[in-house]
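Dear colleague,

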Amino acid sequence: MTTLTKTEDVPAPTESDAFLSVRDLRVQFSTEDGIVKAVDGLSFDLKRGQTLGIVGESGSGKSVTNLTVLGLHNPRTTNITGSIRLDGQEVTDLKDKELETLRGNKMAMIFQDALTALSPYYTIGRQISEPFRKHTGASKKEARDRAIEMLGKVGIPDPKRRVDDYPHQFSGGMRQRAMIAMSLVCNPELLIADEPTTALDVTVQAQILDLLKDLQQEFGSAIIMITHDLGVVANMADDLLVMYAGRAVERGTVREVLQKPSHPYTVGLLRSMPSLTSDVNEPLTPIPGSPPSLLNPPPGCAFSARCSYTDLVAGGLCTSERPHLADGRAAACHLTAEQKQQAFFETIQPRLG
Ligand code: SF4
């Protein structure tokens, strides 16, 4: 299982076999209205060959975290503190050129929308082969052969012919596959997939997820899967990190978190999703309210304004003291273990059957 350390504990990367190690990461944006705390003290580790799912609503900080890992932020408006170590190398200290090299050779991203990520002006083959040439020094012929090979690997039929097609000549599913080929062409050891199947129908979605699993086995890559879809996470991930308002609120193995959630926010996420055992006429229960402003987050638990369990916590701690995320399987919440279990039995257990 992925070993994660206590949120807010200051970076003390200890000896770890993690390929990616993030410690006390804080990402703040300067805006006209003030400082936005987009990520607020996040720590996690990821091993090679493992998949970490990161879930949370829009604005929870999951995409910002991953763009920061990739070094894709504007240094003029972004303040980053904490540590991001990739294969033992500190990423936050690197210059743009070094980051660019790292992005080609060691890490890559699969975006949500292939149509925006691919240029309409260049052939699919050129868009796959150019990064390969740039990062390996391969000849044009070698790079073209590699593009054909990668298109074949991601299941594009007749790759020798389709390599010269433009993106508009591909279907949505094929474009997504082509983008995966582009991301994997240099065998990245870390792959960050941001909602990689959201725009696709369910059948193609399943094919793409299977493809990612196969490619992960072949290349041994570590994968971060960012999604709001708990079904995708259940299918793909080994471990799960639940984020809310820029903070990690729960983590554990996928099985632990999905089958026995212990943070009221995770419980809320699960209740807002249809389940296989629920009656089709049973209404879903959305989480009331909306996430807090990241310009001025509340002093205690960021979820307190939406949580129905605050009365169980004595001394008004929910609104005055930020709950910490302990080591290992944990939830950042002031409820006792028994209270968390009670919340689970009252709300989620009946839905799981
Ligand atoms: Fe709810 Fe309080 Fe737990 Fe936050 S700390 S999730 S407000 S019970």
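In what follows, a nonpolar core is a set of buried Ala, Val, Leu, Ile, Met, Phe, Trp, Tyr and Cys residues joined through side-chain atoms within 4.5 Å. Please note that the model is a predicted one.

The largest nonpolar core has 38 residues, and the members that touch the most others are Ile128, Leu151, Ile180 and Met225. Two or more residues each come from S6, S7 and S8, and likewise from helices H4 (124–136), H5 (140–153), H7 (172–184), H8 (202–219) and H9 (230–236). Leaving aside residues up to four places away in sequence, Ile128 is in contact with Ala147, Met150, Leu151, Ala178, Ala181, Met182 and Val185. Another core, of 32 residues, lies apart from the largest one; Val27, Ile84, Leu102 and Ile192 are among its members. In general terms, nonpolar side chains tend to be buried together in soluble globular proteins.

Turning to the sheet, 7 strands form an open arrangement in the order S6-S7-S8-S3-S9-S10-S11, with mixed pairing. Strand S6 (107–110) and strand S11 (330–331) are the edges, each pairing on one side only. S6 runs parallel to strand S7 (residues 190–194), and 4 bridges join the two. Within this pair, Met109 has Ile192 as its bridge partner, while Ile110 stands opposite Ala193.

The side chains of S6 also deserve a remark. Side chains of a regular strand alternate between the two faces of the sheet. In S6, Met107 and Met109 point one way, Ala108 and Ile110 point the other way, and all are buried.

Helix H1 (residues 62–69) lies across strand S3 (51–55), S6, S7, strand S8 (222–227) and strand S9 (239–244), and runs at about 150° to S8. In helix H2 (residues 96–105), the buried residues include Leu99, Leu102 and Gly104. The buried residues of H2 pack against strand S4 (78–86), strand S5 (89–90), S6 and H4.

Finally, the ligand is surrounded by His263, Pro264, Cys301, Ser304, Cys307, Thr310, Val313, Cys318, Cys333, His334 and Leu335. This shell comprises 7 nonpolar and 4 polar residues, with no charged ones.

Yours sincerely

Key. Residues numbered from 1 in each chain as written. Predicted model: local features only at pLDDT ≥ 70, side-chain atom pairs only at ≥ 80, totals over all residues. Heavy atoms only, no water. Pairing = 2+ DSSP bridges. Contact = heavy atoms within 4.5 Å. Axes fitted to C-alpha atoms, helices over the stretch in contact; angles between N-to-C directions. Buried < 20%, exposed > 50% of the residue type's maximum accessible area, 1.4 Å probe, protein only. Near = heavy atom within 4 Å. Nonpolar A, V, L, I, M, F, W, Y, C, P; charged D, E, K, R; others polar.
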